[in-house]
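Colleague: I'm new to reading protein models. Could we go through this one together, a question at a time?

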Amino acid sequence: KPGSELVRTWKGATHRVQVKPDGFAYEGSPYASLSEIASHITGTKWNGPLFFGLRSKAEEAPANGK
């Protein structure tokens, strides 16, 4: 929801993301997706909603288990 703040601690540092009507803001810069921000923070490809705790790993698996 716009106006919300997402907070994640990664390797001892706390990261705060602001939810905007048209995307997200992290460290004063605009981003189109949480995945972009998660990848920026970690240096590897990440699913943004999973990284920020908005989804569980089980929700990421296909319904048929394959």
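Colleague: Let's start with two strands. How many bridges join strand S2 to strand S3?

Modeller: Keep in mind that this is a predicted model. Strand S2 covers residues 13-20 and strand S3 covers residues 23-26. They run antiparallel, and the number of bridges joining them is four.

Colleague: Which residue in S3 is the bridge partner of Val17?

Modeller: Look across from Val17 into S3. The bridge partner there is Tyr26.

Colleague: Okay, zooming out to the sheet: which strands stand at the edges?

Modeller: The sheet is open, with four strands in the order S1-S2-S3-S4 and antiparallel pairing. An edge strand has a single partner, so one side of it is left without a neighbour in the sheet.

Colleague: Now His15: is it buried or exposed?

Modeller: His15 sits in strand S2. Its relative accessible area is 13%, and the cut-off for buried is under 20%. So His15 counts as buried.

Colleague: Which side chain does the side chain of His15 join in a polar contact of 2.6 Å?

Modeller: Leaving out residues up to four places away in sequence, His15 touches Leu6, Val7, Arg8, Trp10, Tyr26 and Ile41. The side chain on the other end of that 2.6 Å polar contact belongs to Tyr26.

Notes: Residues numbered from 1 in each chain as written. Predicted model: local features only at pLDDT ≥ 70, side-chain atom pairs only at ≥ 80, totals over all residues. Heavy atoms only, no water. Pairing = 2+ DSSP bridges. Buried < 20%, exposed > 50% of the residue type's maximum accessible area, 1.4 Å probe, protein only. Polar contact = N/O pair within 3.5 Å; in protein donor to acceptor, adjacent residues only side chain to side chain. Contact = heavy atoms within 4.5 Å.
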